[in-house]
Amino acid sequence: MKKLNMLTIVASFVMILSVHSFAADTHSAQAVKEGSKASSHASASAAHSIAASGQVTSAASAVPLAIGASIGAVSGKMAKNLMDAATAPIGTPLEITDESVTAGPPPDQALTQKKKRANTNGR
Amino acid sequence: MKHIKILTLLMAVFSFILTPSSVFSGSSQAGGKIYYEPEVIIKFAKKVEKILAKKGARVAIIARVGRPRNKLPGGIKFTHVGIAVYSQITTADGRKVPGYAIHNLYQRTGEPDVSDLIQDFPVDFFSGVEVLEAGIIIPSPELQKRLLTVIASPTYKDLHNSDYSVLANPFTLDLQNCTEHTLDVITAAIYQTSDVKVIKANEKAYFEPQPVNVNPVKLLLGSMFVSYVTTSDHPDSPVTSTFTTIGNFLTQFNAASEILIIKPDA
């Protein structure tokens, strides 16, 4: 009986740990864990690491080009090359920026990051 | 009392056998751990964009591998699916550049049984993957046109059900995951309808889902302890939609121009 009591205690402990790792292995749970920590290099989130690399450009918005083409035709604000791309038959090779664009980190992480000086080099 | 102790022992044995468990990886935004150097991810993401652009894809179904393949259930090769759309991107400093934006259904951080429709970009999309590989379905030109129409319309958001289940049944309306929403958008485009009853009827008629090959005990434990794992929306044996089954569906009905797998340069 004493052995069974001991086994039960150990078993309960294993079960609690197992369930915790079961949930913790998911993407979402990791995101919660990472998001709750202060931004440190040791536990840097994916979004934070990408942003900190300095090799990406933040995006403000994106409009599907085929739709944007009709708006651009009215407003005249769309560059000609983009208008040509938007109206060319599907399957025609498209122009792509060499810049890597990112949406940036989730708001809770963005709030822990210090403001960077604006890049005025322009590319 | 003795029975309870024995039951506790048995459940612990099962739990021990079933761990570590990363079977139920959901769809999350770029806030988790990073497994590759940023430069590697950035280079790979740009490679994917350039291939899509070279093929002239206005719209493509795009998938990523969030977990090592040997930890995924049988028949499932990708853990998250989105829709890549060729777009005019306005940068934070006001410039307009051409590139791909990705339309996703992501679990909400801190509330994994709730999802949101979130737009990001290829770098974000691949930032937290454990396997650097992209699955791409380029729809036929006609389907691309119709998809653009749906994505720009209220239908895209109307088809979203924020009650999330990682193993959502694609034929029911109770719960939804990223692949089901993508499938619904595709079906809406094919049949040019916003009527979810019509969408589901056609999916039941023509779409072959993936049986969920997960140990029933693991599934039971998962549904007990993980909020976004449930089989409550599965009247029979659990089935779900995947990147592969969506690809098969579009191929079968001549609605896919090309399906390809992109890996990093050696």
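Start by selecting residues 56-64 of chain A, strand E1, together with residues 100-102 of chain A, strand E2: the two pair in the parallel sense over 3 bridges. Two strands count as paired if DSSP finds at least two bridges between them. Helices (H or I, at least four residues) and strands (E, at least two) are DSSP runs, numbered from the N terminus. Click on Ser58(A) and you'll find it opposite Thr102(A) in E2(A).

A quick note before moving on: this is a predicted model, where local features need pLDDT of at least 70 and side-chain atom pairs count only at pLDDT 80 or more, while totals for chains, interfaces and linings use all residues. Residues are numbered from 1 along each chain as its sequence is written, chains are lettered from A and ligands numbered from 1 in the order in which they are written, and side-chain values use heavy atoms, leaving out hydrogens and water.

Next stop, chain B. Pick Tyr164(B), in the loop between helix H5 (154-158) and helix H6 (178-191). Is Tyr164(B) buried or exposed? It's buried, because its relative accessible area is 3%, and buried means under 20% (exposed is over 50%, partly exposed in between; 1.4 Å probe, protein chains only).

Last, select Tyr206(B) in helix H7 (residues 196-206) of chain B. Tyr206(B) counts as partly exposed because its relative accessibility is 39%.
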